[in-house]
Amino acid sequence: TTAALFSGFFSIISAIDGNFVSAGMAIFAAQMLDGLDGRVARLTNSQSAFGAQYDSLSDVISFGLAPAIIIFLWGLNSIGQAGWIFSFLYVAAAALRLARFNTYLGSEDNFFKGLPSPIAGAMIVYFVWSMSSYGIQGEEVGRTLTISSAVLTGIVSLLMVINIPFYSFKEIDMKKRVPFFSMLFVVFIFALISIDPPIVLATCAFAYILSGPILWAIKF
């Protein structure tokens, strides 16, 4: 959890220095570490209320504050007051999402209520990472991309606070033996990501975000 927090902090420093590629890599590391800490705690039977609260505080920095600063410094700062309003909207939505998650801690089923903040933050940061990897940052960011990034920030902020179900993958049991096919699938995923990390990761995040409204439409 502390390593995930450090990754979020490092991404903010990188964004301030104008290195959005490193910022994107740091958020990817934070996402991986955040996915591991809870599972490691469950496997070692070391869960605690303190750990749950600390994890949420770490997430507020890594997937709330960091993505908001990154998207603001990359493009939203060019639209003045509206830019920081969208950025703050995202931070507030992430904090509300995590606070609500803590109130349901221990009673949630296989679906999250609202878009998880790590995926919301990843969508924003991977978008910036993708653009920056092609040299689109600073003066290269046109008004169309700036407006698009503002709309993206607003949409993921809204999805975090409304009660649309998102699959949590909690049914996956890490204690069971892993089938050989699953090992091949993991290798395939890593090979796919290595082709163009920011584009592939942004596509995966976007697909997960779409899954929530689709699932809601099917169920209701």
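User: What makes the crossing of H4 and H6 left-handed?

Analyst: In this predicted model, H4 passes H6 in a left-handed crossing. The term applies because the near helix is turned anticlockwise from the far one by less than a right angle.

User: Why are H4 and H6 called roughly parallel?

Analyst: Helix H4 (residues 81-103) and helix H6 (residues 143-161) pack at an angle of about 20°, and their axes are 8 Å apart. Angles under 35 degrees count as roughly parallel, and H4 is therefore roughly parallel to H6.

User: Which residues of H4 and H6 meet?

Analyst: On the H4 side, they include Phe86, Leu89, Tyr90 and Arg97; among those in H6 are Ala150, Thr153, Val156 and Met160. By class, this contact has ten nonpolar, three polar and two charged residues.

User: Why is Ser87 called buried?

Analyst: Ser87 has a relative accessible area of 7%. Buried means under 20%, so Ser87 is buried. Ser87 lies in helix H4 and touches Ala68, Ile71, Phe72 and Leu76, not counting residues up to four places away in sequence.

User: Why are H1 and H2 called roughly antiparallel?

Analyst: The axes of helix H1 (residues 2-16) and helix H2 (residues 20-43) come within 8 Å and cross at roughly 170°. Angles over 145 degrees count as roughly antiparallel, and this term therefore applies to H1 and H2. Their crossing is left-handed. Among the residues making the contact are Phe10 and Ser14 of H1 and Phe20, Ile27 and Leu33 of H2. By class, the contact of H1 with H2 has eleven nonpolar, five polar and one charged residues.

Key:
Residues are numbered from 1 along each chain as its sequence is written. This is a predicted model: local features need pLDDT of at least 70, side-chain atom pairs count only at pLDDT 80 or more; totals for chains, interfaces and linings use all residues. Side-chain values use heavy atoms; hydrogens and water are left out. Axes are lines fitted to C-alpha atoms, for helices over the stretch in contact, and angles run from 0 to 180 degrees between N-to-C directions. Helices (H or I, at least four residues) and strands (E, at least two) are DSSP runs, numbered from the N terminus. Angles under 35 degrees count as roughly parallel, over 145 as roughly antiparallel, 65 to 115 as roughly perpendicular and the rest as oblique. Contact means heavy atoms within 4.5 Å. Ala, Val, Leu, Ile, Met, Phe, Trp, Tyr, Cys and Pro count as nonpolar, Asp, Glu, Lys and Arg as charged, and the others, Gly among them, as polar. Buried means under 20% relative accessible area, exposed over 50%, partly exposed in between (1.4 Å probe, protein chains only).
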